[in-house]
Each structure stands twice: as C-alpha cells, then as structure tokens.
Amino acid sequence: MTDASSTTTRPRLKVLAAMSGGVDSAVAAARAAEAGHDVTGVHLALSKNPKSFRTGARGCCTIEDSHDARRAADVIGIPFYVWDLAERFREDVVEDFFAEYAAGRTPNPCLRCNEKIKFAALLDKALALGFDAVCTGHYAQVIVRADGGRELHRAADMAKDQSYVLGVLDDRQLAHAMFPLGDTATTKEQIREEAAERGLFVAKKPDSHDICFIADGDTQGFLAQRLGTAEGDIVDESGDKVGTHSGAYGFTIGQRKGLKIGTPAPDGKPRYVLDISPVDNTVTVGPAESLDVTALTAVTPRWCGTAPQGPGTYTAQLRAHGSETPVAAEVVDGELRVEFAEPVRGVAPGQAIVLYDGTRVVGSATIAATTRRGVLDQGMSAPTAS
Amino acid sequence: MLPEAVRELTGKLGVVGNASALHSAGRQARRVVEEARERLAGAFGARPSEVVFTGGGTESDNLAVKGLYWARRDAEPRRVRVIASPVEHHAVLDAVHWLAEHEGARVDWLPVDAYGRVHPEAFAEAIAHDPGDVALATVMWANNEIGTVMPLAELAAVAAEYEVPLHTDAVQAAGQIEVDFAAAGPAALTLSAHKIGGPYGIGALLLGRDRSPVPLLHGGGQERDVRSGTLDVPGIAAFAVAAELAVARREEFAREVGKLRDGLIAAVRAAVPDAVLGGDPVDRLPANAHFSFPGCEGDSLLLLLDAAGIQCSTGSACTAGVAQPSHVVLATGADPELARGTLRFSLGHTSTQADVDALAAAIGPAVERARAAGLS
C-alpha cells in the first residue's frame, strides 16, 4: 500500500477526507487536495435522527453540519458523500459510553470513535473502495522512520495537540492516517485565517467541545435517561453515610462539585469523589490527599509500533487536555503497570493513559485500577475488553 | 437547457411589463405569456385555457393533490379518500402523506406489480370499493426512478367512468414518450420546464376547465384564480420553446437514446450477470436504465463510478445526505437489502456511445470493489 504519511512529499494518493462540517477538517481536506492528492470528502452521519441545526458547541451530527461539510467540499472542489455509520457509532461508541459509566468508569468517547469508527469502520470501507488513506483534522503528526516504520508524534503546536485521542491507533491504522494540520506550528487562529483565505465559510464556526451525541451538553441527564435513577449512599472513607445520590454512574473520580453533601467534613476541607462502586451503588468521598495516585494498572494496551520490552521511563498523559507526568512503565502479563514519579490526582478507571517518549506516542491502555498511597483500590470491576 | 430556450429566456428578460397590467408594457408581456400558453398547450394536447403556469413540478403536484382534495371535500365532506400509487415522486407522495396527517385524508395505496406498474383493474377495484368517498386519484405517467410507463389512458378511462378526478405527474414522461392531455384524459397533469430543456423554477399544471382546485397561493388571482403571483414572463416563454422542441424531437430522441440505453443494459448485464434490471424491460422511458447490484451499497458504487467519470444516481437521499433505500424499489416488492444497491442511469441529448462504453468498462470492477466494501 502506498505511503500515507505526508501531504507534501509523497506521490499522489487517493485520500478520503472525513469532514465533520467544522473548520479543522475542512482545512485538512483543502491542504490534502492542494498537496496534489486525489481527495474525496465524506461526512459521517452518526445519528439516526439528526437535529436540523447546531445548538451549543457541538461539532457534528446535525443536518446543518452535514451541509457545512458539503459546502466546504464544493469550495475545495472535491466529490462529497455522506455515509451512514449511525448503527456502528451507536454500538461501538454510545453503548460503550453507557456501559462504562454503568460500571463506574469514565470513558472517553472521542478516543473510542477514532479507534472504532474513523480508523476502523471508515478506514476499512475506504481501503476496500480503493483509497490509500483517511485524512482528518486532528492535530498530530505521523513521521516515517528511515526503516519505513511509522511513528505518531504530538502536533508541532503543543497547545492544539490531539495525539492523546489518537493514541489507540495501531501500526496498520497509522499507515493509512493523514493529519495535514499536525506538522505546522499553526494556531487555531491561523487555521481560521487560512480557512477564510480559502473561501471556506466555516472559518468562523465555533469550536466544538462537548460530546457530539449529547445534544444539550447535559451528560448527567443523558445518562439518567438511559440508566435510570437509583438512589444510593455517599459515604466517607470510614464508611459513614454523609449523603445520598441518585445514581453512582453520575460521578467521576476526583469530582468535587455537585456532591450535595449537607454536612461539612470534620476538618472543613472540601471532599472529592474517591471511589464509585456500582455493585452496591455507593460513592465514596474524602479529602484531596486521598486522591493521590502513585501507580496504576491499565489493560488492553495498544502500541504505535512494537510493544516496549522490559521496564522503561516515559511521560504519561491521562486526560485529553491534561499535562504530562513522568512515569516508569512495564508490560506484565499483557497489562501495563505504571508508577508515577510524583503522585497524580483525578485518575479514573476507564480513562486512557497514553505513554510518550519525547513527542512520540508509544501506546495507550485503559486504566483498570489505581494505587493510592501504596494501597491497591478495592472494588474496581475490570473494564470490558474492547 | 436547450440553446434555443436560453436564447428565448435571455431575449425576453428585457420585456419588463407585468402581464397583468393594462398599460402597453403589460400588454406586450401578456402577449408573450398567452402565445407561450398556446404553444405549450399545442405541444401537449391541451387547450390554452387548460394551462396553469406554476413555479415548477413540485408546486403543480401540490396544487393538484391538495387543491383538488380540498375542493372535493369542501363540496362533499364524505370525499376524503385519496387513491395513490406508492411509486410517486416525493412531490406527490409527501403531499398525500401531509393530507393524511393534517387534513383527515384516508389513503389507499394502489398495488403495483414487480415493474412498479398500476393495473387498471386494481385501480377500478380501489375506486369501486366506495366511489362516493373518493376525493381524487393520483398516478404518475412514468416513473422517474425505474422508468416504467403506466397505462395512463386506461387509468384515466377508469377514473372517468367513476367521475373521479385523476391527477398524473408527467414530469418524467414529457419529451420522452407521447403526452397528450386530451387523448389520455386525466383531470390534471403536471409538467416541469427544466426536465425538457427549459429553465428552472417554471412548471405548469394542465387542468381541465371544469376543475377548480382550492389554491395554495392566494393573491392577485392570476392563472384562473388558481395560482396567484406575477408571471415569470421570460421563463414562461422559454418553457414554451423548450416544450415545442422536446415534442418535435421526441421520436428521434427516443429512437437514438433508446438504442444507446439498450446497449447500456446489455453491457451492464454482460459485466455483472446478477445485476437486476428495475422496471419494465420493454415499456419504459427510453432514456432510463435502472439496476440493483446484489451485495453492493449504492453510495459505494456512486463514489467509484463518479471517480471513473460516470455520473449516475442512487434512489434518493435523506435531508442529511445519506442515501436511502428507494421507496419505489421497495414498492415493487424487492428485498430491502437489494434496494440498498440500486443505481439509475439517465441518458440525455448529449449522451454518446463512448459514454456507454466507459460505463461498460467501469461497472464490473466497481461492483467487485463495492462488494468487497460490503453493506456497512
């Protein structure tokens, strides 16, 4: 298969550009076309009953977004299609989202979408139809080594870097991924200017922040609608009841707001969610120090290249917009064991940990259990293999 | 658009009078409109007084279906039954659905055979069930997707026997097969200018003089008080030119394009032996070929053929642009899986043997590839 790593120095490729209707994917498609590739635009219909117009800060999934994408493709001068991947999206992303929350974990649906939809369902169909690569507006870089292997790196502009949500991509997926926005140190403002210069009217379209399939941005309401309400106890670390909640799934480890605990802690300090136990529908709260995580175990690792052998030191990122933290990591019995140089807070099972070697993405895994102050957490059910 | 129609349109853009006005510019404009009305009527076997100019095929369909329904129901409240074919264009189909949802209409969907054809016996049976409650019937003259031609004169005879007004959408039939309003005998007939080489945004409803549908648009009372609005004089003039040419050239066009189309069908069948021809193999529009390709997603084929320089269509798309299984193909009893892999090839005045050869070369590999990509 032809090399899909760069938009500038490689032969003309048949490229399928995923176009959400937003500015990033429009400029990415335009750059790929300008680089001489044979680009076709595709908008993914991910909802069976899309709303007519955008509301709030969502990035896709409305008819208006579909029209925006089509309009951009017309300006770029590339063919454009809408593919219905709503059923796959529902199965692999939305249902997974519910199941993870129901199990007391905190999923990242964007990452799951990249893994299962954009670089699986979409990529597979693209390859079958004769395309060489899928192009997206992600800010990340694919670098080809001298030996022909591929590496995923952080975007040149660290502030916009999205390599975290691409950390799930394996070698084969990377071989057919094209990220035209990742290799230049462009700020979002410059991308908007470039879009305006190219005549793309999405130049001024607001950024998307929220989860695309939650129309009003109310994650708790969305979860409650599906998972129902189930009143349970909020307890402190000694097991004493300090409040009630209407569903354990509504909480994320490290969460402080919205606990609605009537009585303050004896020391008067704020309390945070420490544990979520869906089995007995209990949420445990406690002081910030108790959130300090010194180590974790993560499952179903995926490697950008070969799996590292033996122990090594890396930096790790634990959230989409989180900072880096130094770690020692090793694969033991197929699981990733990670020790933090300094304790970190707000680590939730279900989230992805992405390991970096400098700017290079080494791989990612799903956090299954954390160790706090030398004690392995109890009560964590293992995440479902994905 | 035909060059002659472009010339007429641009030439008449300088005629600025309002055809309803009494001043001299108005009289000049009205003369243009009335001559166009006469020419259009002549081309389609109607009287000039039976021509109602509209803003296009969709408006004509809506005016006929809703307007006749309202008029008949208002005259006799029992008349709330609409008899319709299930293979209609959305302009009719959705108007009928709207009447059912908002105006108390009961809809009888006529049975169609595997070619999508309504049989006169089935039509008669549907009416005879209770002729006294029928508001109107609507059956297209020829199907836009699968090309099947309906036995319109026979259907109109059945309707006349029971004194039921029959509307027919002849947008696809005009210019391809003989369309004669008086000879066929429906109560109302929809035409669209751009489908026969005229401008966009102009159409007509041929309407028997004894029919007074309730208007969709109220206003100045133009067009027999049935369709108000200042007339698009240049558009109407160009429509008439296009209509005369389309009718004058129809037989030759049908012969030439039919030959190409038959070659296309043979070539597709040779390249893809299990391709299923949609519509009547013989009694179909000369420019239409329609196939279902088992195991293929229609939009995959569309993408692959477009990349090979061949433009064709799937059934239809939803508002977001997702290709949908065609209601026409489903109505013929086709397997829903098969309905996902349908393509329509429409030929025109500019089609050549080279176009057919290009499709013959491209369709085999495209189907193979689309099958590999599967039904997602």
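Student: How many residues of chain B are in contact with chain A?

Tutor: 13 residues of chain B are in contact with 18 residues of chain A. Contact means that the C-beta atoms of two residues, placed from the backbone, lie within 7 Å. This is a predicted model: local features need pLDDT of at least 70, side-chain atom pairs count only at pLDDT 80 or more, and totals for chains, interfaces and linings use all residues. Residues are numbered from 1 along each chain as its sequence is written, while chains are lettered from A and ligands numbered from 1 in the order in which they are written.

Student: Which helix gives the largest share of the side of chain B that touches chain A?

Tutor: Helix 10 of chain B, with 5 residues. Helices (H or I, at least four residues) and strands (E, at least two) are DSSP runs, numbered from the N terminus.

Student: What makes strand 16 of chain A mostly covered?

Tutor: 5 of its 6 residues, 352-357, are buried. Buried means 20 or more other C-beta atoms within 10 Å of the residue's own; exposed means 12 or fewer, and partly exposed is in between, with C-beta atoms placed from the backbone.

Student: How do you know that strand 16 of chain A and strand 17 of chain A pair?

Tutor: Pairing takes at least two bridges found by DSSP. These strands have 6, in the antiparallel sense, so they pair. One bridge joins A:Ile353 to A:Ala365.

Student: Which way do strand 13 of chain A and strand 16 of chain A run?

Tutor: They run antiparallel, joined by 3 bridges. A:Thr315 stands opposite A:Tyr356.
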